[in-house]
Amino acid sequence: MPFEISNKELYLSFDDGPVPGPTEFVLDTLAKSNIKATFFCIGDNVKKYPNVFSRIIDGGHAVGNHTFNHLSGWRTSLMDYVDNIKMCQLIIDKQDSELNLKLPLFRPPYGRITRAQIKALSQYEIVMWDVLTHDYARSISTDNCLSGSISATRPGSIVVFHDSLKAEKNMRYVLPRFIDHFASQGYVFKSLR
(Lines give C-alpha, C1' and ligand atoms only; values in the text may rest on other atoms or scores of the structure.)
Protein backbone atom coordinates (compact mmCIF):
# COMPACT_ATOMS: atom_id res chain seq x y z
CA MET A 1 0.00 0.00 0.00
CA PRO A 2 1.26 3.50 -0.76
CA PHE A 3 -0.05 4.90 2.51
CA GLU A 4 0.99 4.32 6.10
CA ILE A 5 -1.48 3.66 8.86
CA SER A 6 -1.23 5.43 12.18
CA ASN A 7 -3.51 5.16 15.18
CA LYS A 8 -5.67 8.15 14.34
CA GLU A 9 -6.07 8.07 10.54
CA LEU A 10 -9.09 7.13 8.45
CA TYR A 11 -9.45 6.92 4.70
CA LEU A 12 -12.82 8.01 3.33
CA SER A 13 -13.69 6.73 -0.12
CA PHE A 14 -16.70 7.22 -2.34
CA ASP A 15 -17.89 4.82 -5.03
CA ASP A 16 -20.19 5.15 -8.04
CA GLY A 17 -20.02 8.88 -8.83
CA PRO A 18 -19.68 11.48 -9.98
CA VAL A 19 -23.39 12.33 -9.86
CA PRO A 20 -24.87 15.84 -9.62
CA GLY A 21 -26.35 16.32 -6.16
CA PRO A 22 -24.78 13.50 -4.12
CA THR A 23 -21.19 14.14 -5.25
CA GLU A 24 -21.58 17.88 -4.79
CA PHE A 25 -22.92 17.33 -1.26
CA VAL A 26 -19.91 15.13 -0.47
CA LEU A 27 -17.47 17.70 -1.83
CA ASP A 28 -19.11 20.52 0.14
CA THR A 29 -19.10 18.41 3.33
CA LEU A 30 -15.44 17.47 2.91
CA ALA A 31 -14.46 21.08 2.17
CA LYS A 32 -16.07 22.31 5.40
CA SER A 33 -13.65 20.14 7.38
CA ASN A 34 -10.72 20.45 4.95
CA ILE A 35 -10.77 16.68 4.33
CA LYS A 36 -9.27 14.95 1.31
CA ALA A 37 -10.82 11.67 0.17
CA THR A 38 -10.65 9.17 -2.68
CA PHE A 39 -13.38 8.89 -5.32
CA PHE A 40 -13.71 5.65 -7.28
CA CYS A 41 -15.51 6.88 -10.37
CA ILE A 42 -17.65 5.14 -12.95
CA GLY A 43 -16.40 6.12 -16.40
CA ASP A 44 -19.89 6.64 -17.83
CA ASN A 45 -20.65 9.11 -15.02
CA VAL A 46 -17.36 10.97 -15.62
CA LYS A 47 -18.35 11.22 -19.29
CA LYS A 48 -21.88 12.45 -18.47
CA TYR A 49 -20.89 14.87 -15.70
CA PRO A 50 -17.42 16.24 -16.48
CA ASN A 51 -18.03 19.41 -14.47
CA VAL A 52 -18.78 17.42 -11.31
CA PHE A 53 -15.68 15.29 -11.93
CA SER A 54 -13.64 18.49 -12.34
CA ARG A 55 -14.80 19.61 -8.90
CA ILE A 56 -13.34 16.40 -7.42
CA ILE A 57 -9.99 17.08 -9.07
CA ASP A 58 -10.04 20.81 -8.23
CA GLY A 59 -10.72 19.90 -4.60
CA GLY A 60 -7.43 17.99 -4.44
CA HIS A 61 -9.03 14.59 -3.97
CA ALA A 62 -7.62 11.31 -5.26
CA VAL A 63 -9.45 9.52 -8.07
CA GLY A 64 -9.68 5.83 -8.88
CA ASN A 65 -11.24 3.68 -11.59
CA HIS A 66 -14.50 1.82 -10.81
CA THR A 67 -15.09 0.44 -14.35
CA PHE A 68 -17.01 2.24 -17.07
CA ASN A 69 -20.36 0.53 -16.36
CA HIS A 70 -20.12 -0.75 -12.75
CA LEU A 71 -19.46 -4.34 -13.82
CA SER A 72 -19.28 -7.31 -11.50
CA GLY A 73 -16.05 -9.18 -12.13
CA TRP A 74 -17.74 -12.46 -11.27
CA ARG A 75 -20.28 -12.03 -14.07
CA THR A 76 -18.02 -10.58 -16.77
CA SER A 77 -15.48 -12.26 -19.03
CA LEU A 78 -11.85 -11.35 -18.54
CA MET A 79 -11.58 -9.52 -21.85
CA ASP A 80 -14.82 -7.55 -21.39
CA TYR A 81 -13.87 -6.61 -17.83
CA VAL A 82 -10.39 -5.38 -18.73
CA ASP A 83 -11.73 -3.49 -21.78
CA ASN A 84 -14.38 -1.79 -19.60
CA ILE A 85 -11.71 -0.70 -17.11
CA LYS A 86 -9.52 0.62 -19.93
CA MET A 87 -12.48 2.59 -21.30
CA CYS A 88 -13.02 4.14 -17.87
CA GLN A 89 -9.33 5.00 -17.55
CA LEU A 90 -9.33 6.72 -20.96
CA ILE A 91 -12.24 8.93 -19.88
CA ILE A 92 -10.57 9.76 -16.56
CA ASP A 93 -7.24 10.53 -18.23
CA LYS A 94 -8.96 12.65 -20.89
CA GLN A 95 -10.66 14.75 -18.20
CA ASP A 96 -7.43 15.29 -16.29
CA SER A 97 -4.13 14.45 -17.95
CA GLU A 98 -2.30 15.04 -14.66
CA LEU A 99 -3.93 11.90 -13.24
CA ASN A 100 -1.61 9.72 -15.31
CA LEU A 101 -0.17 8.06 -12.25
CA LYS A 102 2.40 5.33 -12.48
CA LEU A 103 0.01 2.93 -10.74
CA PRO A 104 -3.62 4.14 -10.98
CA LEU A 105 -6.12 3.07 -8.33
CA PHE A 106 -8.87 0.56 -9.10
CA ARG A 107 -11.73 -0.69 -6.98
CA PRO A 108 -13.87 -3.56 -8.31
CA PRO A 109 -17.61 -2.89 -8.09
CA TYR A 110 -19.22 -5.04 -5.37
CA GLY A 111 -15.67 -6.11 -4.43
CA ARG A 112 -16.08 -8.92 -6.94
CA ILE A 113 -13.03 -9.75 -8.98
CA THR A 114 -11.44 -13.01 -10.13
CA ARG A 115 -7.82 -14.04 -9.78
CA ALA A 116 -7.38 -13.87 -13.55
CA GLN A 117 -8.74 -10.32 -13.56
CA ILE A 118 -6.39 -9.32 -10.73
CA LYS A 119 -3.46 -10.72 -12.69
CA ALA A 120 -4.55 -8.87 -15.86
CA LEU A 121 -4.74 -5.59 -13.93
CA SER A 122 -1.15 -5.55 -12.65
CA GLN A 123 -0.80 -1.94 -13.86
CA TYR A 124 -3.37 -0.88 -11.21
CA GLU A 125 -3.29 -0.77 -7.46
CA ILE A 126 -6.47 -2.62 -6.42
CA VAL A 127 -7.99 -1.00 -3.33
CA MET A 128 -10.66 -2.74 -1.28
CA TRP A 129 -12.07 -1.58 2.08
CA ASP A 130 -12.73 -2.79 5.59
CA VAL A 131 -15.81 -0.66 6.41
CA LEU A 132 -18.83 -0.79 4.13
CA THR A 133 -21.33 1.79 5.37
CA HIS A 134 -24.31 0.15 3.62
CA ASP A 135 -25.54 3.66 2.82
CA TYR A 136 -27.06 2.26 -0.40
CA ALA A 137 -29.33 -0.16 1.53
CA ARG A 138 -32.76 1.44 1.62
CA SER A 139 -33.91 -1.07 4.25
CA ILE A 140 -31.41 0.33 6.78
CA SER A 141 -32.46 3.39 8.77
CA THR A 142 -30.18 6.41 8.81
CA ASP A 143 -29.45 5.91 12.52
CA ASN A 144 -28.58 2.23 12.06
CA CYS A 145 -26.41 3.10 9.07
CA LEU A 146 -24.52 5.61 11.21
CA SER A 147 -24.13 3.40 14.29
CA GLY A 148 -23.08 0.39 12.21
CA SER A 149 -20.49 2.44 10.33
CA ILE A 150 -19.03 3.90 13.51
CA SER A 151 -18.85 0.56 15.31
CA ALA A 152 -17.11 -1.12 12.35
CA THR A 153 -14.42 1.57 12.01
CA ARG A 154 -10.94 1.03 13.42
CA PRO A 155 -7.72 3.06 13.22
CA GLY A 156 -6.53 2.98 9.62
CA SER A 157 -9.90 1.88 8.21
CA ILE A 158 -10.74 2.43 4.56
CA VAL A 159 -14.41 3.44 4.69
CA VAL A 160 -16.74 3.21 1.68
CA PHE A 161 -19.60 5.61 1.12
CA HIS A 162 -21.46 6.00 -2.18
CA ASP A 163 -22.00 9.30 -3.96
CA SER A 164 -25.00 7.95 -5.85
CA LEU A 165 -28.73 8.66 -5.99
CA LYS A 166 -29.49 5.25 -4.45
CA ALA A 167 -27.34 5.99 -1.38
CA GLU A 168 -28.09 9.70 -1.14
CA LYS A 169 -30.57 9.65 1.76
CA ASN A 170 -28.40 7.64 4.15
CA MET A 171 -25.14 9.17 2.94
CA ARG A 172 -26.36 12.77 3.51
CA TYR A 173 -27.31 11.87 7.07
CA VAL A 174 -24.37 9.64 7.97
CA LEU A 175 -21.34 11.33 6.38
CA PRO A 176 -21.27 14.60 8.37
CA ARG A 177 -22.07 12.80 11.63
CA PHE A 178 -19.44 10.14 10.95
CA ILE A 179 -16.84 12.85 10.30
CA ASP A 180 -17.85 14.78 13.43
CA HIS A 181 -17.72 11.64 15.58
CA PHE A 182 -14.18 10.69 14.59
CA ALA A 183 -12.84 14.25 14.32
CA SER A 184 -13.94 14.85 17.91
CA GLN A 185 -11.78 11.87 18.91
CA GLY A 186 -8.73 13.36 17.21
CA TYR A 187 -8.82 11.35 13.99
CA VAL A 188 -7.57 12.81 10.73
CA PHE A 189 -8.91 11.88 7.32
CA LYS A 190 -6.63 11.23 4.37
CA SER A 191 -6.91 10.29 0.73
CA LEU A 192 -5.30 7.12 -0.56
CA ARG A 193 -2.86 9.21 -2.65
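Predicted model: local features only at pLDDT ≥ 70, side-chain atom pairs only at ≥ 80, totals over all residues.

User: What makes residues of helix H1 count as buried, and which are they?

Analyst: Buried means under 20% relative accessible area, with a 1.4 Å probe and protein chains only; in H1, residues 22-32, Pro22, Thr23, Phe25, Val26, Leu27, Thr29 and Leu30 are buried. These buried residues pack against strands S1 (9-15) and S2 (38-41) and helices H3 (50-58) and H7 (168-183).

User: Why is a set of residues called a nonpolar core?

Analyst: The name applies because the set consists of buried Ala, Val, Leu, Ile, Met, Phe, Trp, Tyr and Cys residues joined through side-chain atoms within 4.5 Å. The largest nonpolar core has 34 residues, and Leu12, Phe14, Leu30, Phe39, Phe161 and Phe178 have the most contacts inside it. H7 gives the largest share of this core, six residues. Apart from it lies another core of seven residues, including Val82, Ile85, Ile113 and Leu121.

User: How do you know which residues Leu12 is in contact with?

Analyst: Contact means heavy atoms within 4.5 Å; leaving aside neighbours within four places in sequence, Leu12 is in contact with Leu30, Phe161 and Phe178, among others.

User: What divides the lining of the largest pocket into classes?

Analyst: Ala, Val, Leu, Ile, Met, Phe, Trp, Tyr, Cys and Pro count as nonpolar, Asp, Glu, Lys and Arg as charged, and the others, Gly among them, as polar; the lining therefore divides into seven nonpolar, five polar and three charged residues.

Technical notes: Residues numbered from 1 in each chain as written. Heavy atoms only, no water. Buried < 20%, exposed > 50% of the residue type's maximum accessible area, 1.4 Å probe, protein only. Helix = DSSP H or I, 4+ residues; strand = E, 2+ residues; numbered from the N terminus.
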